[in-house]
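Please examine the sequence and the structure shown below. The paragraphs that follow lead through a few of its side chains and the partners they meet.

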Amino acid sequence: MQPGTSPRSDLDPAVADRLKRDEHGLVAAIVQQHDSGEVLMLGWMDDEALHRTLTTGRVTFWSRSREEYWRKGDTSGHVQHVRSVALDCDGDALLVRVDQVGAACHTGTRTCFEAGGDLGAVVGD
């Protein structure tokens, strides 16, 4: 199944109309720890994944590699409990604030940005 080809999504049309999706029907979803502001990961959502996230209290993504929906934590136990979801000014990115239980990254680290590491950018004034 491809994103956007699932049976009609129940996403509120007023929300759906505000989304600017990529060529695959997806919107980037930045996941952030709600109380510390720590950026945990980036995932992808289509309308159905966003609808599930908004209505279940758990974060659901579209897996581009597996081409299926996945709810964070169902196999790992590293659950993301939704605290809020916001859309950016352009409509092409979501900010999902969560209470993260355990690691957010599939590598077992707290965030997906630990494994990649700092790139050594020059710090501006």
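R58 is buried, with a relative accessible area of 14%; buried means under 20% relative accessible area, exposed over 50%, and partly exposed in between (1.4 Å probe, protein chains only). The model is a predicted one, in which local features need pLDDT of at least 70 and side-chain atom pairs count only at pLDDT 80 or more, while totals for chains, interfaces and linings use all residues. Residues are numbered from 1 along each chain as its sequence is written, and side-chain values use heavy atoms, with hydrogens and water left out.

The side chain of R58 meets that of D74 in a salt bridge of 2.9 Å, N to O; a salt bridge is a side-chain nitrogen of Lys or Arg within 4 Å of a carboxyl oxygen of Asp or Glu. This pair links distant parts of the chain, 16 residues apart: R58 is in the loop between α2 (47-56) and β3 (60-63), and D74 is in the loop between β4 (68-71) and β5 (80-87). Helices (H or I, at least four residues) and strands (E, at least two) are DSSP runs, numbered from the N terminus. D74 is partly exposed, at 48% relative accessibility. D74 also forms a salt bridge with R71 (3.1 Å, N to O), and R71 is partly exposed at 33%. Through shared partners, salt bridges join R58, R71 and D74 into one network.

By the rule given above, the count comes to seven salt bridges. One of them joins E38 and R110, whose closest N and O atoms are 3.1 Å apart. Here too the pair links distant parts of the chain, 72 residues apart: E38 lies in the loop between β1 and β2 (39-45), and R110 in the loop between β6 (93-100) and α3 (113-116). E38 is partly exposed at 29% relative accessibility, and R110 is partly exposed at 28%.

Which residues does Q33 contact, leaving aside its neighbours within four places in sequence? They are E38, L40, R97, V98, D99, Q100 and R110, where contact means heavy atoms within 4.5 Å. Q33 lies in strand β1 (residues 27-33) and is buried, with a relative accessible area of 4%. Its side chain makes a polar contact with the side chain of D35 (2.8 Å). A polar contact is a pair of N or O atoms within 3.5 Å; within protein, one must be able to donate a hydrogen and the other to accept it, and residues adjacent in sequence count only if both atoms are side-chain atoms. A polar atom of the Q33 side chain also lies 3.0 Å from the backbone nitrogen of Q100.
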